[in-house]
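Please look over the structure shown here, with attention to its charged side chains and to the packing of its helices.

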Amino acid sequence: MIEHGNRQGFASLAAGGLKHESFPMRLFRKGNGKHWDPASIDFSQDAEDFAAMTDDERWWTCALAAQFLAGEESVTQDLQPFVAAMAAEGRFADEMYLTQFVYEEAKHTQAFRLWFDAVGMTTDLHEFISFNDAYMEIFTKQLPDSLYALAHDPSPRNQIRASVTYNHIVEGTLALTGYFAWQKVCASRGILPGIQQVIKHIGDDERRHMAWGTFTCRRHVAADDSLFDAVDERMQELLVPAMGVVTATFEQYDTAPFGIDISEMAEYAMDKLGRRLGAIESARGADLLAIDVDASPEALEERFHVEDQKELAAV
């Protein structure tokens, strides 16, 4: 093991070199082939579509986009302790992937800010998130608290709590459901082609992020069966505020703009969360060496993507 702060050798120089077959390296290689530049996306039609919306539609669109913009900024900042935790554990492949992970989250932040600028929303945007108490609970307390806990205690239990918070609640429940809602709006109305491109690119990135989170929980559960309780416990702790984030925006209206069905969105979120939990549980008693090269977390995310594309095509 090459420990951070106690360097007596180099992982990339060790016998066998980097473990190219490991799952984190698989994600890293795949990410290298998925580069995109937010500044290259044309938002001119989005500006026209935005101007043509009703006041309620514009407010709802801004609220959704602002939650993503603030959320992407938050996860860009708050992932840093997980990078250090992987370095301290000597997991250089994970550390390599997480540096790419942070870079991608920063690009997502840039993309949403460019969109707001393009549609003319350049004033302070805090009003679009400050009303949502559950959102503020998740992003100003639960997310940073669970990630920065790794700075002084990078134990497997704390890694699980951080991963569940970041990968399975913030990304896998909140972001994925929001993207799906937005895709349905855009597809049904034929609007916002620029943001549709953004969502496509971000979806490609996020599927790898969520797969890494599932992998991380799986390897800890495989090493210590009792840690599955930590996975389930953290999910149960955050389910109520997570659902509160989703419902708060809809509660501003008797009938949601664009005809979005809150029950459908809640069902979508719970289905994906439950299936990821099942994927983690399947690692109980598994061989750690097998877990390290098992691509099933990535396959699960790709399966979700195919299902979404079929539904959107029907829309």
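Is Asp204 buried or exposed? With a relative accessibility of 13%, Asp204 counts as buried (under 20% relative accessible area is buried, over 50% exposed, and in between partly exposed, using a 1.4 Å probe and protein chains only).

## Basis of the model

This is a predicted model, in which local features need pLDDT of at least 70 and side-chain atom pairs count only at pLDDT 80 or more, while totals for chains, interfaces and linings use all residues. Residues are numbered from 1 along each chain as its sequence is written, and side-chain values use heavy atoms, with hydrogens and water left out.

## Salt bridges

Asp204 forms a salt bridge (a side-chain nitrogen of Lys or Arg within 4 Å of a carboxyl oxygen of Asp or Glu) with Lys200, their closest N and O atoms being 3.9 Å apart. Lys200 is exposed, at 55% relative accessible area. Both residues belong to helix H9 (residues 193-223) and, because they are four residues apart, about one helical turn separates them. Salt bridges with shared partners join Arg26, Lys30, Lys34, Lys200, Asp204, Arg207, Glu298 and Glu302 into one network.

Within the whole structure, a search finds 29 salt bridges. One of them pairs the side chains of Arg26 and Glu298 at 2.4 Å, N to O; this pair links distant parts of the chain, with Arg26 in helix H1 (residues 23-32) and Glu298 in helix H13, 272 residues apart. Arg26 is partly exposed at 37%, whereas Glu298 is buried at 7% relative accessibility.

## Contact of H8 with H13

Phe180, Gln183 and Lys184 in H8 meet Asp308, Gln309, Glu311 and Leu312 in H13, contact meaning heavy atoms within 4.5 Å.

Methods: Helices (H or I, at least four residues) and strands (E, at least two) are DSSP runs, numbered from the N terminus.
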